[in-house]
Amino acid sequence: MLNRFQLQGPWTLRAVGGVDEIPADLRPRLTDAAGIPATVPGCVHTALLAAGLIPDPYVDRHEHDLQWIGRVDWAYRCAFTAPQWDHAHIELVCGGLDTVATVHLNGAVLGETENMHHPHRFDVRAALREGDNELAITFHSPVRYARRWEKALGTLPWLNTPEPFNFIRKMACNFGWDWGPVLTTSGPWRPLSLQGWDAARIEHVRPLVMRADAEQAELEVHIDLAGRAEGGTVELTLTGPDGEQITAQTCGLGDGGDGCFQRFII
């Protein structure tokens, strides 16, 4: 069984690095330990806009006045009460972190990320407490990160933007394009949750169409499992769109989990 606990907040946001970039009149509010309210999924720009601290970046020349946002480090925080689970595995699942981030739970570092384009999982069993917990995600300036790698590796060609976006695994148009503004932001842009599971879980599913015509299709489904249980097995059941069972297969769980596949005709 897999259980999910959505980390819906309340979330707060505050500036924690590069604060000299912040306009002087906003600095006290944005560096205050209490932070400002934030929404997850979301980003720094949407939180600042909702708090009434910045003007609409799509109006007039406001875009140019807000370039300091991408040069600041930002910390998202969320206090939550942990679910009472008795699972062999409990993970923090981050659907998408934009982009260069350090993830802490109760002061312990869970891991670091440098790619906004795929999810991340972190084992939280050692850091998770019964009762009250605090999750903190520090997003480091994407502009300073990209500039640092450009300096280390040497300049490479890029187009349409004022910053070397090709040195960071981040949505390129966030740095501007011929059709859009420069709004280099940070934040958890997809949901976060705790997930608890035991022997195994499905990691990836890859359906491949081997042959198809107007009458019939032959598919091959590859399933990657995560989990370790020497000598253990799991049964995988494939059902159709109407809920009917198409096939079932028993897969063994070895060191690190085994992939399974099943070929079937529909």
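Gly 187 sits in strand S11, which spans residues 187–188; strands here are DSSP runs of E with at least two residues, numbered from the N terminus. This is a predicted model, so to speak of local features takes pLDDT of at least 70, side-chain atom pairs count only at pLDDT 80 or more, and totals for chains, interfaces and linings use all residues. Numbering runs from 1 along each chain as its sequence is written, and side-chain values use heavy atoms, with hydrogens and water left out.

Gly 187 counts as buried because its relative accessibility is 1% (buried means under 20% relative accessible area, with a 1.4 Å probe and protein chains only). Leaving aside neighbours within four places in sequence, its contacts (heavy atoms within 4.5 Å) include Cys 43, Tyr 76 and Phe 139. The C-alpha atoms of Gly 187 and Cys 43 are 4.3 Å apart, though 144 residues separate them along the chain.

Follow Tyr 76 next. Of the six aromatic pairs in the structure, one joins Trp 11 and Tyr 76 edge-to-face, at 6.4 Å centre to centre and 70° between the planes. (Rings of Phe, Tyr and Trp, the last by its six-membered ring, pair if their centres lie within 6.5 Å; planes over 60 degrees apart count as edge-to-face.) That pair links strand S2 (residues 11–17) to strand S4 (residues 73–81), 65 residues apart. Both rings' residues, Trp 11 and Tyr 76, are buried, and ring pairs bring Phe 139 into a cluster with them.

Back to Cys 43: at 18% relative accessibility, Cys 43 is buried too. Its sulfur is 12 Å from the closest cysteine sulfur, in Cys 173, so a bond is out of reach. The whole structure has zero disulfides (sulfur pairs within 2.5 Å).

Note on methods. Rings of Phe, Tyr and Trp (its six-membered ring) pair if their centres lie within 6.5 Å; planes under 30 degrees apart count as stacked, over 60 as edge-to-face and the rest as tilted. Helices (H or I, at least four residues) and strands (E, at least two) are DSSP runs, numbered from the N terminus. Buried means under 20% relative accessible area, exposed over 50%, partly exposed in between (1.4 Å probe, protein chains only).
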